[in-house]
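This report describes selected parts of one protein model. The structure is shown first, and the description follows.

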Amino acid sequence: MKKIIVVQLFILLNVLASEAQNNQDNSQQSPNVIIILADDLGYADVSFNGSKDIPTPNIDKIANEGAKFTNAYVTYAVCGPSRAGLITGRYQDRFGYGRNPLFAPNDPNMGLPKSEETIAEVLKKANYKSVALGKWHLGAHETLRPLNRGFDDFFGFLSGGHAYFPELWTLDDEYQVEKQFDAYNTKLLRNTQRIEEKEYLTDALSREAVNYIEEYKDTPFFMYLAYNAPHTPLQASDEYLKRFPNITDKKRKTYAAMVSAMDDGIGKVLDKLEDLGLTENTIVFFLSDNGGPEHHNASDNGMLRGGKSDLFEGGIRVPFAMRWPLKLPKDIVYDVPISSLDIFATIIEQTTVRVKPKNKLDGKNLMPYLIGVDKNPPHEFLFWRKFDNKQFAVRDVFGRKIVAIKDKTKLFDLNFNLSEKESLIKPDASLLKRLLQQYEQWNSEMAEPIFLGLMSDDDYNKSHPNRFLKPQ
């Protein structure tokens with residue numbers, strides 16, 4: 001009997017020693033990083049933000065096993081500039097990315113300028129492998145594509161949107177495109193080669209994410225998983241549509257199915273991390289690129305005013321969650337304003353190989369704030385600008401916000417008026433002046449847009465008649 005007890009004790013000590021060694025090994029390794037970016041997702045369309053008709057158990061898992069942010073923002077209210085801010089950790093207006101880019105495969109200036117460094121480029125210095133999956137929208141010219149911006153692999157598409165069913169992908173390459181939205185029907189790219197894909201797009205992106213985790217498992221890796229769901233066109237397979245028999249509105253039903261497909265894929269990604277023992281030391285971020293365009297894709301921003309393209313809360317406040325079991329406790333609810341800019345800064349501060357970006361970042365490393373080491377707010381002020389529309393917004397850490405649309409400036413207190421239905425009846429003149437001064441200082445550091453945008457398609461075609469012609 002004593003011999004059996006001794007053997008059992010020996011086994012237990014070995015198990016505990018092995019677990020301790022694994023924890024030590026994890027803490028001495030740079031974390032893997034996965035950014036999961038939804039496209040045009042409504043603020044209230046995830047369960048952790050109160051969704052009742054679209055369950056999102058896998059997205060919720062990220063939030064519930066880490067931190068969920070109640071005052072999280074992106075840097076712009078539409079896709080392209082928002083992504084440029086996220087991938088560089090800098091306000092995109094600093095480098096002239098103040099418009100949504102056109103699809104222009106012959107133009108090396110239509111996209112993220114080479115003066116800017118992406119997260120993947122910085123992490124390469126720390127010996128990371130990186131893959132970009134899904135929507136790129138940071139430049140279609142070959143010099144601006146993922147493999148030339150620090151990524152080792154790419155699977156996805158270059159344009160600002162894409163059809164979801166493979167039978168619609170009839171164009172062999174970008175030079176068969178004849179107008180802006182034809183690019184939605186191009187065949188997908190794997191690195192530099194067009195491929196024949198058979199699966200529903202969201203499922204294909206999830207499959208590839210799982211495959212690349214398997215491929216990269218033995219080295220620190222960075223995955224930028226940019227789903228285009230639930231961006232239009234509203235297209236969903238029967239497998240997902242049948243999950244929502246109680247939603248009678250056809251548009252909302254299709255939208256719900258698209259979100260559900262994305263949530264399934266995120267579940268597969270999280271399961272793969274668990275299967276490979278990578279969960280503990282993998283940082284996972286989830287967010288949307290901007291607010292939902294409620295009238296276009298039947299998204300729901302809840303009580304927030306406006307949606308995609310607006311500088312009201314519905315356009316710029318997004319669902320945002322972060323999980324890192326090794327260092328971040330569960331069930332954190334962080335109410336202080338943060339920005340998608342903070343993702344870059346947070347990531348590079350966690351690498352064991354210390355790296356320094358070439359440009360000054362606007363984001364902050366969130367970890368000291370989340371674990372309570374730093375009690376100060378990450379940002380005193382956050383800023384937004386729509387150059388062509390003569391609109392801007394400023395929000396301070398206390399919830400006071402101004403929205404300026406042409407000659408009208410409205411002052412809100414989001415603590416009492418989150419829906420921004422009315423500006424303050426008796427605005428505080430000194431507060432308004434301080435917020436305007438902060439904006440003017442910030443704006444003085446910004447640049448004018450360096451390329452024509454989506455709203456100037458006709459003008460661009462006139463000045464670039466060879467826009468879609470293949471170079472000789």
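## Pairing of strand β9

The model is a predicted one. In it, strand β9 and strand β10 (residues 320–323) pair in the antiparallel sense, over 4 bridges. Within this pairing, Phe285 stands opposite Met322 of β10.

Strand β9 also pairs with strand β1 (residues 32–38), here in the parallel sense and over 7 bridges. In this pairing, Ser288 of β9 is the bridge partner of Ala38.

Burial here means a relative accessible area under 20%.

Both faces of β9 are covered. Thr282, Val284, Phe286 and Ser288 are buried on one side, while Ile283, Phe285 and Leu287 are buried on the other.

## Helix α5

Helix α5 spans residues 201–216 and has 16 residues. From its first C-alpha to its last it reaches 22 Å, close to the 22 Å expected at 1.5 Å a residue.

This helix is mostly covered, with 12 of its 16 residues buried. Among them are Leu201, Leu205, Val210, Ile213 and Tyr216, and also Asp203 and Glu208.

## The largest pocket

Rolling a probe the size of a water molecule over the atoms shows where empty space is left. The largest pocket holds about 720 Å³ of space.

Its lining consists of 31 residues, and Val78, Asn100, Lys308, Leu454 and Met455 lie nearest the centre. By type, the lining divides into 11 nonpolar, 14 polar and 6 charged residues.

Notes: Residues numbered from 1 in each chain as written. Predicted model: local features only at pLDDT ≥ 70, side-chain atom pairs only at ≥ 80, totals over all residues. Heavy atoms only, no water. Buried < 20%, exposed > 50% of the residue type's maximum accessible area, 1.4 Å probe, protein only. Helix = DSSP H or I, 4+ residues; strand = E, 2+ residues; numbered from the N terminus. Pairing = 2+ DSSP bridges. 1 Å grid on protein atoms, 1.4 Å probe; cavity = no way out; pocket = protein on both sides within 12 Å on 5 of 7 lines; lining within 4 Å. Points joined across faces, edges and corners; volume = space filled by probe spheres on them. Nonpolar A, V, L, I, M, F, W, Y, C, P; charged D, E, K, R; others polar. Expected span 1.5 Å × (residues − 1).
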